[in-house]
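Subject: Structure handover

Hello,

Here is the structure I promised to pass on. Please open it next to this email and follow along.

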Amino acid sequence: MNGSAIVAALGFGIVTASILSLGAVGFTLQYGMSNVFNLAFAGVMAGAEYVALAINRSGVNIWICMALAALFGGFASLVLNKFVYMPFIRRGVKAFGMVIITLSVWTVIQYVILAIVGSTASSFRVSGSHLYVVGAIRLNGTQLIVIAIAVVLLLLLEAFLRMTLWGKAVRGAAANAPLARTSGINVARVMDVTWFISGVFAGVAGVALAMNVVSFTYTTAGGFLVVLVAAAILGGVGRPSGAMFGALIVGLATEVSAAIFNPAYKDVTAFVLLAIVLVAKPAGLFPEAVQRKEVVL
Amino acid sequence: MSNPIIYYVTLLAVYGAVYAMACAGLSLEFGVTGVINFGYIIFQAAGAYTAAVLTLGPSSSSDFQHYIGGARWPFPLPLIAAAVVGAALSAGVAVLGIRRLRSDYLAIVLLVASLIATTVATNATRLVGGAAGLALVPHPLVSLFNNNAQGVGYNVAFAVGAAVLAALCLLIVHRITESPYGRRLRALRENELAAEAQGISTFRMHLVVVMVGGAMAGLSGGILVQYISAWAPSGWFYPETFVFFTALIVGGMANNWGALLGAILVPLGIGEGVRYLPTIGSATLTTALQWIVIGLLPLVIFWFRPQGIIPERRRRFAGAPRAGTPVVDRSLVNGAELTASSRGRS
Amino acid sequence: MVRRTSVRTFRSALSISFAAALLCGVVGGVAGAAARSSAKSALSIASVQTFSGATSSFGPEQNAGCLTAEAIINSHGGVMGHHMRCVPVDTRSDVVDSVPAVQKVISTTKNLVGAVGPSSTTASADVPLLNAAHIPMFADTGQTEFTKKFFKYFYRIIAADDSVGLAYVIWAKEQGFKRIGLVYVNNSSNQGAVPGVKAAAKALHVTLAVDQAVAPDQTSYNSEVLALQSSRAQVIVGTMDPQTAATYLTDLKNLTGSLLPYYSEHSAAEPVFKGALEGAIGTTAFVKYYRSIHPASVVGGAAFSLYKKTVLGLNIPDPKQWINDPYAQGPYDAVNYMALAMLEAHSITPTKYAPFIVSVANPGNGKKVVHTFPQGAAAIAAGHKIRYVGIYQGVVLNRFHDSTGGFAVTKLAPPATTSPIGAVSSAKVASVSSKH
């Protein structure tokens, strides 16, 4: 296998990593905060995809659809937590029980979508985009915009977490909710903000994924979930910047392995990498910021 | 009852027994000891594969299916081998993973191991038969029933045999749970650091538990494959693990009745029960509605019984203070939290 | 405290009774079905297919064909006064789930007289089960298992996987291609044709430029596409699921600026596949580059016109998509074979009518050739022996009840039907097959 194929694969890997990082960051931010291992994240992604599709069908530009789908994702995620998960947590369901709850909710969302749209694949209307070639790297306009969106959103999130009072509150509540509460932070409100941001990222990731795979069905987002969670874990749970880094490694590893080895083992490469890293460095690449045992009420 | 009805009832009994065995093993691993084994289905698949190839006979190059390790062992050796393989694989996982990883990371590593196993099994067509898997696995002891695997006698005997093995597994888990050893396991689940401080060897205990659990998974797989006489990687894909966890949580953790009830209620009762829903609209719509019900029922049960239908019996020493209200009761699922534990130190 | 306990007791009672009710529902359903009488009641055909899971698009496709035959038979008085009824059975794409589902339909369906399906993902478990219950089935699997192992009640009019692989390469060579790219998704529905492609490439001296098993549901296949490009393949053959094919071909188009001809088994008009690819590469490119190589079927004559008219009258979503779909037409023919065999046998009992299926399907001296159920019913009533030649062409069941008919090569005729391009005859397939 020649070198240029590997360089080209690195370019593709960055596209995959961008989509992956949007999802992984959204997932890990919320998990680090609430300790709810939200498998229905894929359900929010899928919901956002079909909201974007409905708007796109009426002739609206796909990037505007993505923004609206992101808003939908944010509110869906917020509603899911406030009206589905929280009532269960209040009834005494613990962290592990919540995994089963989120799994059930995901199943329901997925098949509600099937009942509404059927098993037929759908595609967005995207205006044709130019292919940019730099050396061996070949990316089209849509892919470049997806990379740009990922970079901008991730920078915005970092800035929010580091520079604003709300961001500080989020980090404080994630690190130690009872302490944050006694320091006068409205933990419930901060939780809402976190679930909302997580949903926004789910929405953007869902639409970007659907654009990249071109034709998508009710199962597309779900098939992406395990890789997304793997990337989040690789970077250390609860660390958005770590998740970003984990996504980059997974994205590059899958594409380069497809260029060098048997492409059927694309995912396997990423998973083996994850297993090796975790066994060698049991706390993930970055030791986590949060240490807590239970779901936050 | 007509014969087909008897087959169906015995089929449900065999499936119920297989699920109960698997849930018993998982209940010991997860319910009693707090190991989150998200790769549990691999051990059932491995046991199933072992039992299949050890009854199929050597693979010949002219055959339509290819596999390694073919032999024609007499009953009950293939089933014993299935249990041994399940236990041995689990021991490997314990040695590699449990000692080093914190519980939620171990869960993820096992989950991806499950995906890796499926992908490799599907792609390496010469290894385990590829995606099509194995077919025409012989039924055990069928020669005693005039080689009539569809006969009433054989099916009833198979169901009784499977039920006896399931009962045996549940009994083993019960004996372990109720013994002083079980108390140490629960101590491990509740607070690993404190248990270690009490001089409990956490690694050796984890090792024993996952080996027993793995053996039960392997045995259940062996029985299932000898009953349905086919094996394919898609039958043991990673979501099946979550079905068993759902069964345990819905039924109730760390007690045999909970595991048994969950096994009967979730994969069997809900999974197969929805097939009795009336047909509504197109076939696709009916299927979608069945799955929506499969998703909703655990939520409904959970809403009314957050600790499972049969919660773990609260164990108290005489004179100890009463446990708090159910909402803050930490004794139930607490040890199985997803994050934290002492293992995170690198 | 006391109140709380009583509430909890109530709840536990509630949930346990709920569980009990669920179980009773299951058992009651079984018993109820068994108790019903069987006087001139409807005859059931189980449509065993994947309605959910990896290949969920197969379900509606097969069911449409079954429903069409059901409608025609019922509007012509049924089979000896019995109406026909298609019962969908979801195998959920896996062997562990399909066994209880199939056993349930066998056990609880009164007058279950036949089956269409199952498909590759579950056939190895389901076929022995149906066979043991003496239910004739027209399977939707190409697995070579069934050309080597005889099942008395197994029938297959779609091509075996190995001959599909041969047909791809034969057609590619006839189009002048010398370098073939084999690209397929690594699962049981798609893996089957691979040995045939390899064997045919060797026999016909065509270069297998690349042999790519791809993982399904990836975000992109850019690296795979570059490998395909650098192998200088001129044509892509092999089956991929609709989403994977769509993503793969889009990446090919985006990266190399052009597409390559692509052959697979999917019907060009099958809605999920067509929808995915039209959405991805556009209708014009799909018509230009995609060739479906599938069991040969007619596009005119009595058999086709009755089928078409009836499909369009069905109360199912978008019925016109099934007009030219070979995997809806196959089950349609299958139900007709079974219904006509019943008439010839004067029996609806599977063990009695099954031997007549081969007689109805195969040519023979003095047989009257019929193309539809009403024609056949009339001929049998007039005392003739018949041969049914339906939409599938060249069906001749061998001693394994297997038929290797010829293949048709078709492309999409927008919006929703197909038009023929050419054919790969069964003689050609057989001659290449004998070379290896």
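In which helix of chain A is the place of A:Ser104? A:Ser104 sits in helix H4 of chain A, which covers residues 95–117. Before you go further, note that this is a predicted model.

**Around A:Ser104**

Is A:Ser104 buried or exposed? A:Ser104 is buried, because 25 other C-beta atoms lie within 10 Å, and 20 or more are enough to count as buried. Now look at A:Ala40. A:Ala40 and A:Ser104 are 64 residues apart along the chain, yet 8.1 Å separates their C-alpha atoms. Next, set aside the neighbours of A:Ser104 within four places in sequence. The contacts of A:Ser104 are then B:Gly295, B:Pro298 and B:Leu299.

**The nonpolar core**

Stay with chain A for a moment. The largest nonpolar core has 389 residues. Which of them touch the most other members? They are A:Met98 and A:Ala230. Helix H1 of chain B, residues 3–32, gives this core its largest share, 19 residues. In general, nonpolar side chains in soluble globular proteins tend to be buried together.

Take A:Ala230 as an example. Again, leave out its neighbours within four places in sequence. A:Ala230 is in contact with A:Val250, A:Ala270, A:Phe271 and A:Leu274, and also with B:Ile108 and B:Val112.

**Chain B**

How many helices and strands does chain B have? Chain B has 12 helices and zero strands. Along the sequence, its pattern reads α-α-α-α-α-α-α-α-α-α-α-α. Chain B has 346 residues, and 60% of them count as buried. Consider the contacts in chain B between residues at least 6 apart in sequence. Of these, 78% join residues at least 24 apart.

**Where chain C touches chain B**

Here 51 residues of chain C are in contact with 40 residues of chain B. Several elements of chain C each supply at least two residues to its side of this contact. Among them are helix H1 (2–35), helix H2 (58–75) and strand E2 (84–90) of chain C. Which element supplies the largest share? H1(C) does, with 13 residues. By class, the side of chain C that touches chain B has 24 nonpolar, 20 polar and seven charged residues.

**Strand E1 of chain C**

Find strand E1 of chain C, residues 43–49. Seven of its seven residues are buried, and the strand is mostly covered. Its residues point two ways. C:Leu43, C:Ile45, C:Ser47 and C:Gln49 point one way, C:Ser44, C:Ala46 and C:Val48 point the other way, and all are buried.

Now look at the partners of E1(C). E1(C) and E2(C) run parallel and are joined by seven bridges. Within this pair, C:Leu43 has C:Met84 as its bridge partner. The chain goes from E1(C) through H2(C) to E2(C), a β-α-β crossover that is right-handed. E1(C) also pairs with strand E3 of chain C, residues 112–119, in the parallel sense over four bridges. In that pair, C:Ile45 stands opposite C:Gly114.

**The seven-stranded sheet of chain C**

In general, strands of a sheet pair through backbone hydrogen bonds, either parallel or antiparallel. Chain C has an open sheet of seven strands with mixed pairing, in the order E7-E6-E8-E9-E10-E13-E14. Which strands stand at the edges? They are E7 (207–214) and E14 (417–424) of chain C. Each has a single partner strand, so one side of each is left without a neighbour in the sheet. On average, neighbouring strands of this sheet are turned by 25 degrees against each other, direction ignored.

Finish with strand E10 of chain C, residues 290–295. Why is E10(C) largely enclosed by the rest of the structure? Six of its six residues are buried, so E10(C) is largely enclosed. E10(C) has two pairings to check:

- Strand E9 of chain C, residues 262–264, runs parallel to E10(C), and three bridges join them. Here C:Tyr263 stands opposite C:Arg291.
- Strand E13 of chain C, residues 407–413, pairs with E10(C) in the antiparallel sense over four bridges. Here C:Pro295 has C:Phe407 as its bridge partner.

Best wishes

Conventions: Residues numbered from 1 in each chain as written. Chains lettered and ligands numbered in written order. Predicted model: local features only at pLDDT ≥ 70, side-chain atom pairs only at ≥ 80, totals over all residues. Pairing = 2+ DSSP bridges. Axes fitted to C-alpha atoms, helices over the stretch in contact; angles between N-to-C directions. Contact = placed C-beta atoms within 7 Å. Nonpolar A, V, L, I, M, F, W, Y, C, P; charged D, E, K, R; others polar. Buried ≥ 20, exposed ≤ 12 C-beta atoms within 10 Å, placed from the backbone. Core = buried A, V, L, I, M, F, W, Y, C linked by C-beta atoms within 7 Å. Right-handed = clockwise from strand over helix to strand, strands pointing away.
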